[in-house]
Amino acid sequence: MNTKVLIIGACGQIGTELTAKLRATYGVENVIASDIRKLENDVVNNGIFEVVNALDYNQIEHLLEKYKITDVYLMAALLSATAEKNPAFAWDLNMNSLFHVLNLAKAGKIKKVFWPSSIAVFGPTTPSQNTPQYTIMEPTTVYGISKQTGERWCEYYNKQYGVDVRSIRYPGLISWSTEPGGGTTDYAVDIYHKAITEGKFTSFLSENTGLPMMYMDDAIKATIGIMQAPEEQIKIRSSYNLSAMSFTPKEIATEVKKHYPDFTIDYNPDFRQKIADSWPASIDDTPAREDWGWKNDFTIENMTEDMFENLKKHIYNI
């Protein structure tokens with residue numbers, strides 16, 4: 001049977017690049033992108049696009065039937081820092097969109113579901129170095145609480161109803177093609193822009209705040225990889241730890257200076273510092289590597305080269 005994909009939240013930071021890769025993988029006609037509003041971008045202009053509210057069960061069901069969808073990637077969510085400003089809506093969006101998709105899968109209308117979790121599921125009581133797959137999880141943010149709860153429901157729907165739901169815990173994600181979006185790890189995107197445009201940067205995290213990070217290319221590779229893996233290889237149905245690299249603002253500034261020797265950085269921690277302090281500094285993702293063959297391509301060095309190359313070429317026309 002043909003793979004027919006629906007991406008909900010296709011215009012977000014991950015959704016934008018995931019949509020492009022899925023269209024390249026399965027064919028433009030087999031990938032339906034959707035979001036709450038129609039923007040003027042490649043997601044909308046380069047393939048099939050539908051306006052859908054992730055909180056509307058009937059709208060989602062209609063698209064599944066209209067396009068004979070097999071796989072759903074549910075990327076709609078309110079992220080960490082943004083969610084803290086509107087906790088009730090963040091909970092509503094992050095949880096009820098998941099319930100809609102899980103219930104539609106339970107009803108036999110979807111074959112496979114991808115739902116992203118995050119390192120936000122961990123908290124200040126979690127071991128912060130090489131955080132294991134199974135460990136203490138006491139998140140202190142609305143985003144983290146919703147993701148931890150979502151993990152439990154994914155596992156429940158798999159065990160009770162046989163729903164083929166797959167998930168990974170994204171670390172901080174870095175991409176040249178989308179603007180920083182209000183997340184706690186977004187300083188690691190903004191620093192590259194500021195290096196090119198201003199030659200200096202003020203970090204909202206302190207210099208030695210280490211966090212797990214990943215280049216967007218690797219995140220997309222992992223997302224499609226786990227969905228393409230044989231069902232029997234997916235042994236964890238809550239969410240897999242996923243890792244590529246960990247670094248501090250000070251360490252990324254050192255890499256930036258290799259390309260821009262006059263670059264300077266200063267530090268002015270804001271409310272996001274408290275969020276970052278509650279998250280792990282590094283992640284152990286051995287189960288993902290062993291179960292379905294996860295392997296990252298990017299380190300801080302080749303990521304930094306690729307970021308500057310693409311920003312200068314595509315964004316700043318240098």
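Reply: Tryptophan 279 sits in the loop that links α10 (272-277) to α11 (286-292); helices here are DSSP runs of H or I with at least four residues, numbered from the N terminus. The model is predicted, so local features need pLDDT of at least 70 and side-chain atom pairs pLDDT 80 or more, while totals for chains, interfaces and linings use all residues. Residues are numbered from 1 along each chain as its sequence is written, and side-chain values use heavy atoms, without hydrogens or water.

Tryptophan 279 is buried because its relative accessible area is 8% (buried is under 20%, exposed over 50%, partly exposed in between, with a 1.4 Å probe and protein chains only). From tryptophan 279 to leucine 22 the distance in space is 30 Å, C-alpha to C-alpha, and the separation in sequence is 257 residues. Tryptophan 153 has a relative accessible area of 31%, so it is partly exposed.

Next come the charged side chains. The whole structure contains 13 salt bridges (a Lys or Arg side-chain nitrogen within 4 Å of an Asp or Glu carboxyl oxygen). One of them joins aspartate 270 to arginine 272, with 2.6 Å between the closest N and O atoms. Aspartate 270 has 29% relative accessibility and therefore counts as partly exposed. Arginine 272, at 18%, is buried.

Aspartate 164 and arginine 166 make another salt bridge, and here the closest N and O atoms are 2.9 Å apart. Both aspartate 164 and arginine 166 are buried. The salt bridge between lysine 194 and aspartate 190 has an N to O distance of 3.1 Å. These two residues are in helix α7 (residues 187-197), and the 4 residues that separate lysine 194 from aspartate 190 amount to about one turn of the helix. Lysine 194 is partly exposed because its relative accessibility is 23%, and aspartate 190 is partly exposed because its value is 21%.

The helices can now be placed against one another. Two packed helices are described by the angle between their axes and the distance between the axes. The axes of α7 and helix α9 (residues 249-259) are 11 Å apart, and the two helices pack at about 30 degrees (axes are lines fitted to C-alpha atoms over the stretch in contact, and angles between N-to-C directions run from 0 to 180 degrees). So α7 and α9 are roughly parallel (under 35 degrees; over 145 is roughly antiparallel, 65 to 115 roughly perpendicular, the rest oblique).
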